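Hi,

Here is the structure I promised to pass on. Have a look at it first, and then read my notes below.

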Amino acid sequence: MEAIDLVYEIEEQCEYFAKDIRARICDNIIAALNKCTGIEGDDYDALGMTYFDKVAIKYQSCSLEEISDGFEEILNNMIDVEYDNLSPIERHIMDYSCCSSRMECDIEASKNKIMTDLCKIIDEHYYTEVVQKFVDTLNG
């Protein structure tokens with residue numbers, strides 16, 4: 001087996017486990033976001049929406065940065081904190097889940113995958129029954 005083949009195999013195996021770690025990180029970030037209060041300029045609180053519900057609705061017509069001033073940077077900082085708080089084994093898995101392109105651990109690529117997964121969850125949340133009821137009420 002050539003060295004590059006071994007790197008690809010390690011990366012593939014780590015990516016298999018990294019998916020669950022990324023999902024947990026996203027869940028932690030969503031839970032932290034739901035502890036936040038309203039988004040500047042919205043009147044959604046009266047409807048009983050969570051912060052994440054609001055983000056999902058706004059994300060349909062805005063970039064992350066447009067949702068709230070500095071929101072994308074806040075998410076990046078939350079990802080950094082979650083990544084730093086991983087156990088040594090989880091960190092190893094995450095680090096080696098993105099290692100073949102430059103033949104070294106690409107931590108930023110791993111963090112970018114977390115952001116991609118988080119954005120996908122935000123987008124999917126918009127289509128949940130709960131959020132669609134809020135959308136219908138708002139469009140009412």
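**What I found**

Accessible areas come from the Shrake-Rupley method with a 1.4 Å probe, and for residues only the protein chains shown count as cover.

A word on the ground rules: this is a predicted model, so local features need pLDDT of at least 70 and side-chain atom pairs count only at pLDDT 80 or more, while totals for chains, interfaces and linings use all residues. Residues are numbered from 1 along each chain as its sequence is written, and side-chain values use heavy atoms, with hydrogens and water left out.

**Overall picture**

The protein has 7 helices and 0 strands, and its elements run α-α-α-α-α-α-α from the N terminus on. Helices (H or I, at least four residues) and strands (E, at least two) are DSSP runs, numbered from the N terminus. The C-alpha trace spans about 65 × 25 × 25 Å along its principal axes.

Of the 140 residues, 39% count as buried. Buried here means under 20% relative accessible area, exposed means over 50%, and partly exposed is in between (1.4 Å probe, protein chains only). Taking contacts between residues at least 6 apart in sequence, 61% join residues at least 24 apart; a contact means heavy atoms within 4.5 Å.

Helix α4 covers residues 71–84, which makes 14 residues, and it reaches 20 Å from its first C-alpha to its last, close to the 20 Å expected at 1.5 Å a residue. (The expected span is 1.5 Å times one less than the number of residues.) Its buried residues are F71, L75, M78, I79, E82 and Y83. Looking down the axis of α4, these buried residues fall within an arc of 135°, so they line one face of the helix. That arc is taken from the directions from the helix axis to the C-beta atoms. As background, an α-helix has 3.6 residues a turn, so residues three or four places apart point the same way. E73 and D84 are exposed on the other side of α4. What do the buried residues of α4 pack against? Their partners are α1, α2 (51–59), α3 (64–67), α5 (88–96) and α6 (107–126).

Helix α6 has 20 residues and reaches 29 Å from first C-alpha to last, close to the 28 Å expected at 1.5 Å a residue. Buried in α6 are S110, K111, I114, M115, L118, C119, I122, H125 and Y126. The buried residues of α6 pack against α1, α2, α3, α4, α5 and α7.

**Salt bridges**

I counted a salt bridge when a side-chain nitrogen of Lys or Arg is within 4 Å of a carboxyl oxygen of Asp or Glu. By this rule there are 8 salt bridges. Three of them, in turn:

- E15 pairs with K113, with the closest N and O atoms 3.1 Å apart. This pair links distant parts of the chain, with E15 in helix α1 and K113 in helix α6, 98 residues apart. E15 counts as buried because its relative accessibility is 16%, while K113, at 29%, counts as partly exposed.
- R22 pairs with D117, with the closest N and O atoms 2.7 Å apart. Here too distant parts of the chain are linked: R22 is in helix α1 and D117 in helix α6, 95 residues apart. R22 is buried, with a relative accessible area of 6%, and D117 is partly exposed at 24%.
- K133 pairs with E129, with the closest N and O atoms 3.5 Å apart. Both lie in helix α7 (residues 129–139), 4 residues apart, about one turn of the helix. E129 is exposed, with a relative accessible area of 60%.

Salt bridges that share partners also join E15, R22, K113 and D117 into one network.

**A loop residue and a surface patch**

N34 lies in the loop between α1 and α2 and is partly exposed, with a relative accessible area of 31%. Which residues does N34 contact, leaving aside its neighbours within four places in sequence? They are T50, Y51 and F52. N34 and K54 are 20 residues apart in sequence and 9.8 Å apart in space, C-alpha to C-alpha.

Finally, L6, I10 and Y96 form a nonpolar patch on the surface, with about 230 Å² of accessible area together. Patches are made of residues with over 30% relative accessible area and no salt bridge, with like charges joined within 9 Å and nonpolar side chains (Val, Leu, Ile, Met, Phe, Trp, Tyr) within 5 Å. I10 sits in helix α1 (residues 3–33) and counts as partly exposed because its relative accessibility is 34%.

Cheers
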